[in-house]
Amino acid sequence: MQRLVAYFEQLSPHSLALLPGVYAAKARFKDPFNEVQGLAAIEGIFSHMFSALHAPRFVVRERVLQGAQCFLTWEFRFRFKTYSAESEQCILGASHIVFGADGLVVLHRDYWDAAEELYEKLPGVGALMRWLKRRANR
């Protein structure tokens, strides 16, 4: 778990080459936008993150390890390249991780609320999402 947390907190385009030392060859990854399997596909998700956003980084807040399973809570901090590029954004989320017998990640599933944490911050779509949220809470 310590190695995984350190890897995520220091994740950079250059550290993607170290992915085979963290994830198993046939690892599965799922988040609100992606569901992939294999190192190349997982690396592709992280590569896209670096090309689409300014200064993306993870800050792990809490960690729980029980047997081969790990649960992390984190902040994902970044700046949009095209919208409000000067202001840092923060998405709060959690990851469920399962390690194989060799200590490599075999399953990584991220949980976060795309509507609240992302869509509400976008122009146009954000106003609609906030309006829908107000209507649903009446």
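**Close-up 1. Aromatic pairs in the predicted model.** This predicted model contains 9 aromatic pairs. One of them joins Tyr7 and Phe8: the ring centres lie 5.9 Å apart and the planes meet at 75°, so the pair is edge-to-face. Tyr7 is buried, at 8% relative accessible area. Phe8 is buried too, at 7%. A cluster takes in both residues: Tyr7, Phe8, Phe29, Phe46, Phe58, Trp74, Phe76, Phe78 and Phe80.

**Close-up 2. Phe8 against Phe46, a contact between two helices.** Phe8 is buried, with 7% relative accessibility. The rings of Phe8 and Phe46 have centres 5.9 Å apart and planes at 70°, so this pair is edge-to-face. Phe8 belongs to helix α1 (residues 2-9) and Phe46 to helix α2 (residues 39-52), so the pair ties together parts that are 38 residues apart in sequence. Phe46 has a relative accessibility of 4% and counts as buried.

**Close-up 3. The cavity and its lining.** The structure holds 1 cavity of 30 Å³ or more. The volume of the largest cavity is about 80 Å³. Its lining consists of Phe8, Phe46, Phe58, Val60, Leu72, Trp74, Ser95, His108 and Asp110. Strands β3 (53-66), β4 (69-80) and β6 (105-111) each contribute at least two lining residues. By class, the lining has 6 nonpolar, 2 polar and 1 charged residues.

**Close-up 4. A salt bridge between Lys30 and Glu35.** The structure holds 5 salt bridges. In one of them, Lys30 pairs with Glu35, and the closest N and O atoms are 3.2 Å apart. Lys30 is partly exposed, with 26% relative accessible area. Glu35 is exposed, at 62% relative accessibility.

**Close-up 5. Salt bridges at Arg77.** Arg77 forms a salt bridge with Glu75, with the closest N and O atoms 2.8 Å apart. Glu75 is buried at 12% relative accessibility. Arg77 also bridges to Glu88, where the closest N and O atoms are 3.0 Å apart. This second pair links distant parts of the chain: Glu88 sits in the loop between β4 and β5 (89-99), Arg77 in strand β4, 11 residues apart. Glu88 is partly exposed, at 42% relative accessible area. Shared partners join Arg57, Arg61, Glu75, Arg77 and Glu88 into one salt-bridge network.

Conventions
Residues numbered from 1 in each chain as written. Predicted model: local features only at pLDDT ≥ 70, side-chain atom pairs only at ≥ 80, totals over all residues. Heavy atoms only, no water. 1 Å grid on protein atoms, 1.4 Å probe; cavity = no way out; pocket = protein on both sides within 12 Å on 5 of 7 lines; lining within 4 Å. Points joined across faces, edges and corners; volume = space filled by probe spheres on them. Helix = DSSP H or I, 4+ residues; strand = E, 2+ residues; numbered from the N terminus. Nonpolar A, V, L, I, M, F, W, Y, C, P; charged D, E, K, R; others polar. Phe/Tyr/Trp six-rings, centres within 6.5 Å; stacked < 30°, edge-to-face > 60°. Buried < 20%, exposed > 50% of the residue type's maximum accessible area, 1.4 Å probe, protein only. Salt bridge = Lys/Arg side-chain N within 4 Å of Asp/Glu carboxyl O.
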